[in-house]
Amino acid sequence: MPDFSSLMSHGVFHLLAGLITLVSVLVVVSKHPVKSAVFLVVDLFLLAAVYASLESHFVAAIQVLVYAGAVVVLFLFVIMLLNLQPDQLRGMRFNPVEAVTLIVSVIGMLIMLGVSMSGKPTGLGDGSMDVNAIEAAGGNTYMIAMKLLTDYIWPFELASILILLAIVAAVVIAKKDKKPVVS
Amino acid sequence: MGLTADEFTIQFISTVVKFSILAVMLLQVPPVMLLVERRIPAFMQRRKGPNRVGLFKFRLYGVMQALADTIKLIFKEEVVPEGAQKVFYHLAPVFSVFPAFLIAMAIPYGPDIQVLGQTIPLSVVRLDVGFLFIFAISSLAVYGVTIAGWASNNKYALLGSLRASAQMISYEIPLGMSLIPIVLIYGSLDLNKIVEAQTTFLKWGIFLSPISFLLFLIAMFAETNRTPFDLSEAEGELVAGFHTEYNSTKFAAFFLGEYVSMFVLSCLASTVFFGGWQVPFFDVRALDQLVGLPGVGALVGFGSLLMKAAFFMWLYVWVRWTIPRFRYDQLMNLGWKYMIPLGLINVVATALVLAAVWFK
Amino acid sequence: MVPVEFYFMLACVIFTLGLFGALFRRNIIMVLMSIELMLNAVNLVFVAAGRSIGNLDGQIMVLFVITVAACEAAVGLAMVIALFRKYGTVNTDILRLLRG
Amino acid sequence: MNPYIPVLMALLFGIILGGALSALAALLGPKKPSPEKSDPFECGVPMVTSANEKMSVKFYLTAILFILFDIETIFLYLWAKAFPNLGWFGVLEVMVFMVILVAGYIYVIKRGALEWD
C-alpha cells in the first residue's frame with residue numbers, strides 16, 4: 001500500500017503553496033488598494049492553513065484572529081477613510097536604486113534556495129517533537145502558554161511595553177487636537 | 001495517522017453525517033425566526049400578526065408565511081446600483097455567510113456517543129484551540145459588512161457599514177475578555193470539556209462567573225447588530241444600513257448570515273453559561289443504560305441545548321421590542337469605557353479568588 | 001512528510017514578492033501591506049523550522065512577530081493618516097519630493 | 001482523522017452556499033432595468049453628493065485600539081490556559097503585564113481618543 005498520508009500531505013502542501021503564490025502576486029499587483037487588502041486576507045487565511053497542516057494550531061488561530069481579523073480590517077478602514085483611488089503600477093520608469101535592490105534580492109533568494117536544496121532533503125519527521133507527545137503533555141496551546149510564561153517572561157513583559165508604546169504613538173500621531181496649538 | 005482504514009471510514013462518514021444534519025438544521029433557523037419575529041411582537045402588542053397564509057384550508061397560525069416570504073425574496077428582481085464595485089458587490093454576501101457556518105461546527109451538541117466501538121464526539125470540529133477558533137472565525141464576519149457597504153456606492157450603505165464594523169470590532173474585545181474567567185475556572189479552552197465540567201446546576205458558568213455572563217450577553221447583542229445596538233441599520237438615519245442596495249437572494253444571504261450567527265452565539269452562550277447539553281439534576285449519559293437504547297442520552301442532551309438556545313433566540317426578539325436603540329456615542333462609550341474595564345476587573349478578580357483558593 | 005526545504009522555498013517566494021511590492025508600489029498603504037507579506041514569510045520559516053527541529057520556540061517567535069507586526073501596522077497607518085492630512089496624498093513619489 | 005477536514009468541508013459549504021445565493025439573484029427574477037432603478041438609493045431624490053466622502057478618524061482610532069487590545073486578549077488566554085500550573089508566579093506576571101497596558105488604556109481615555117460626539 002502506498003504511503004497515503006504522505007501523498008496527501010504533499011498534495012495539500014503543493015495546492016496551498018500554489019494558491020499562496022498566486023494570491024501573493026495578486027496582492028502585490030492589484031491596482032486598487034481594497035482589492036489588495038481582500039487578497040491579503042485570503043493569503044493570510046491560506047497561510048493559516050499551512051500552519052494548521054504543520055500542527056501549529058495556536059499559531060494558525062492567532063494568524064486568523066490578529067492578522068486576517070484585525071490588521072487587515074485596519075488597512076481596509078484606512079483605505080476607505082482616505083478614499084484612495086486605484087493607482088498605477090510604477091511603470092517602466094527606471095530607478096537605479098530600486099532596480100539594483102530588486103536584482104540583489106532575487107539573486108539572494110536564488111542563493112538561499114540553492115543552499116537549502118543542495119543538501120539532502122531532511123524530512124520534517126526527523127527529530128521533530130512527536131505530535132502525540134505534545135497531545136499527552138496537554139496540547140499545543142498549553143505547551144506554548146507554559147513556555148511563554150516561564151522561559152519567555154522578559155519578551156512577554158516587553159511585549160506589553162511595546163503595545164503601550166504603540167497605543168500612545170498611534171493616538172499622538174493620528175488624533176487631531178480639537179484646538180490647534182497657537183505658536 | 002494512527003487510524004486503520006476502517007476506523008478512518010467510520011470517522012469520515014460520521015463527520016459527513018453530522019455535518020449534513022447540522023447544515024440542514026442551521027438552514028431552518030432563518031425561516032423559523034422569520035415567523036417568530038412577527039408572531040411574538042404581535043403577541044406582545046396584542047395584535048394578531050401574520051396568521052392567514054396557509055396551504056389550502058389549513059392556516060396553521062401562519063406557518064406558511066415563512067415559505068411565502070422566502071419565495072417572494074427569491075423571485076425579486078436584482079438591481080445592482082450604478083457605480084458599484086461589481087466584483088466586491090457580488091462577493092460580500094459570501095463573506096457574510098460562511099463565518100457563521102464555520103463557528104457552528106465547533107459547538108458540542110451532545111455527549112460523545114459510541115458507534116461500532118468508536119467514540120464519536122457530537123461536535124463536528126474539535127480543536128485544541130477551542131475558543132480561539134471561534135473568535136478567529138467570528139472576527140472574519142466584519143469583512144462581509146465592510147465590503148458590502150463600500151462596494152454599494154451609496155453613502156448610507158457606507159456609513160452603515162463603517163458604523164457596524166466599528167461596533168463589531170469594539171465589542172469583540174469584551175466578548176473575548178468575558179470568556180477568560182471561564183477558561184480560568186474550568187481550566188480548558190475546549191468547549192466539550194467545559195460542558196463536561198458543568199455537571200451540576202451550581203457549576204454552571206452563570207453562577208460561577210455572573211459578570212462574565214452579563215458582558216457576554218451584551219457583547220452578543222452588539223456583535224450581531226441587534227436592537228438595542230442596531231445602529232448600523234437605524235432606519236430613521238441610514239435607510240437600511242450596509243445592505244441598503246442589496247435585494248433578492250443577496251439580501252437573503254445577509255439575512256441568513258445574521259440569523260445563523262445569532263443562533264450560533266445563542267448556542268455558545270448556552271454551552272458556556274448554562275451547561276450546554278447537560279440537564280440539571282441528572283446525568284444525560286446515564287440515560288442510555290436506563291432506557292436501554294443507545295443514543296437516547298445524546299438526543300436528550302441535544303434537545304436540552306436546543307431549548308436553551310431557543311430561550312436566547314426568544315430573548316433577542318423580546319429585547320428588540322422592549323428596549324429602545326442606543327445612540328452611537330453611548331454605544332461606543334458602553335463598549336470602551338465600561339465593558340472593557342469591567343472585563344479586566346472581572347479577569348483579575350476571578351484570578352485572585354481562584355489563586356487564593358487553589359494555591360493557598 | 002513534506003521536506004522542510006519546500007516551506008523555505010515558499011517563504012522565499014513570498015518574501016521576494018513582498019519586497020517587490022514594497023519597492024515598486026507608489027502607495028504607502030501598499031508598501032505597508034507588502035511588508036506584512038514579508039513578515040508572514042518569516043513566520044512561515046519560524047513555524048516550519050521549529051516543527052522540523054522539534055521545539056515550540058518557533059511558534060512563540062511567531063507570536064512575538066505578530067505582536068510586532070500589529071504594532072507596526074498601527075503606528076505605520078497612523079503616520080499614513082497624518083501624512084495624508086498634511087499633504088493630501090499617500091504617494092511615495094510626491095512625498096519624496098517634499099523631503100527637500 | 002485530521003481535525004481540519006470538517007473545517008474544510010464547512011468552509012466549502014459556506015462559500016458555495018453564499019456564492020449560490022449571490023449568483024441566484026441574477027438568474028431568477030425579472031430583469032427590467034431602468035436608469036432610475038439603478039441609481040444609488042437616496043430617499044427618492046437625485047444623488048446630492050457622491051458616496052466617496054472622507055470618514056471620521058474616530059473609526060480608524062477604534063480599529064487600531066482594537067488590534068492592540070486583541071493581542072492583549074490573546075496573551076491573557078494563554079495565561080488562563082496555563083494558570084493552574086503557574087500559580088501565584090503567573091498571576092504576578094500577568095498583573096505587571098496588565099498594569100502596563102492599563103496605563104495605556106488610561107492614557108487613551110484621558111486623551112479623549114474614544115470620545116464620540
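**Figure 1. Helix α7 of chain A packs against helix α3 of chain C in this predicted model.** The axes of α7(A) and helix α3 (residues 57-87) of chain C come within 8 Å and cross at roughly 10°. Angles under 35 degrees count as roughly parallel, and α7(A) and α3(C) are therefore described as roughly parallel to each other. On the side of α7(A), the contact is formed by Pro155(A), Ala159(A), Leu162(A), Ile163(A), Ala166(A), Ala169(A), Ala170(A), Ile173(A) and Ala174(A). The residues contributed by α3(C) include Phe64(C), Thr67(C), Val68(C), Cys71(C) and Ala74(C). By class, the contact of α7(A) with α3(C) comprises 18 nonpolar residues, 1 polar residue and no charged residues.

**Figure 2. Chain A meets chain C through 68 residues of chain A and 60 residues of chain C.** Several helices of chain A, namely α1 (4-29), α2 (33-53), α3 (57-82), α4 (96-118), α6 (140-150) and α7 (153-174), each supply at least two residues of the side that touches chain C. The largest share of this side, 12 residues, belongs to α3(A). The side of chain A that touches chain C consists of 49 nonpolar, 15 polar and 4 charged residues.

**Figure 3. Chain D contacts chain A, with 36 residues taken from each of the two chains.** On the side of chain D that touches chain A, helix α2 (residues 57-111) of chain D gives the most, with 31 residues. This side of chain D divides into 26 nonpolar, 4 polar and 6 charged residues.

**Figure 4. Ala74(C) lies in the largest nonpolar core.** The core has 253 residues, and those with the most contacts inside it are Leu74(A), Val78(A), Ala70(C) and Ala74(C). Helix α2(D) provides the largest share of this core, 26 residues. Which residues does Ala74(C) touch, not counting residues up to four places away in sequence? They are Leu74(A), Ala166(A) and Ala170(A) of chain A, together with Ile64(D), Ile67(D) and Leu68(D) of chain D.

**Figure 5. Helices α10 and α12 of chain B pack against each other.** The axes of helix α10 (residues 210-223) and helix α12 (residues 248-273) of chain B come within 11 Å and cross at roughly 175°. This angle makes α10(B) roughly antiparallel to α12(B). Phe213(B), Phe216(B), Met220(B) and Glu223(B) in α10(B) meet Leu265(B), Ala269(B) and Phe273(B) in α12(B). The contact of α10(B) with α12(B) has 6 nonpolar residues, no polar residues and 1 charged residue.

Conventions
Residues are numbered from 1 along each chain as its sequence is written. Chains are lettered from A and ligands numbered from 1 in the order in which they are written. This is a predicted model: local features need pLDDT of at least 70, side-chain atom pairs count only at pLDDT 80 or more; totals for chains, interfaces and linings use all residues. Two residues are in contact if their C-beta atoms, placed from the backbone, lie within 7 Å. Helices (H or I, at least four residues) and strands (E, at least two) are DSSP runs, numbered from the N terminus. Ala, Val, Leu, Ile, Met, Phe, Trp, Tyr, Cys and Pro count as nonpolar, Asp, Glu, Lys and Arg as charged, and the others, Gly among them, as polar. Axes are lines fitted to C-alpha atoms, for helices over the stretch in contact, and angles run from 0 to 180 degrees between N-to-C directions. Angles under 35 degrees count as roughly parallel, over 145 as roughly antiparallel, 65 to 115 as roughly perpendicular and the rest as oblique. A nonpolar core is a set of buried Ala, Val, Leu, Ile, Met, Phe, Trp, Tyr and Cys residues joined through C-beta atoms within 7 Å. A residue is buried if 20 or more other C-beta atoms lie within 10 Å of its own, exposed if 12 or fewer, and partly exposed in between; C-beta atoms are placed from the backbone.
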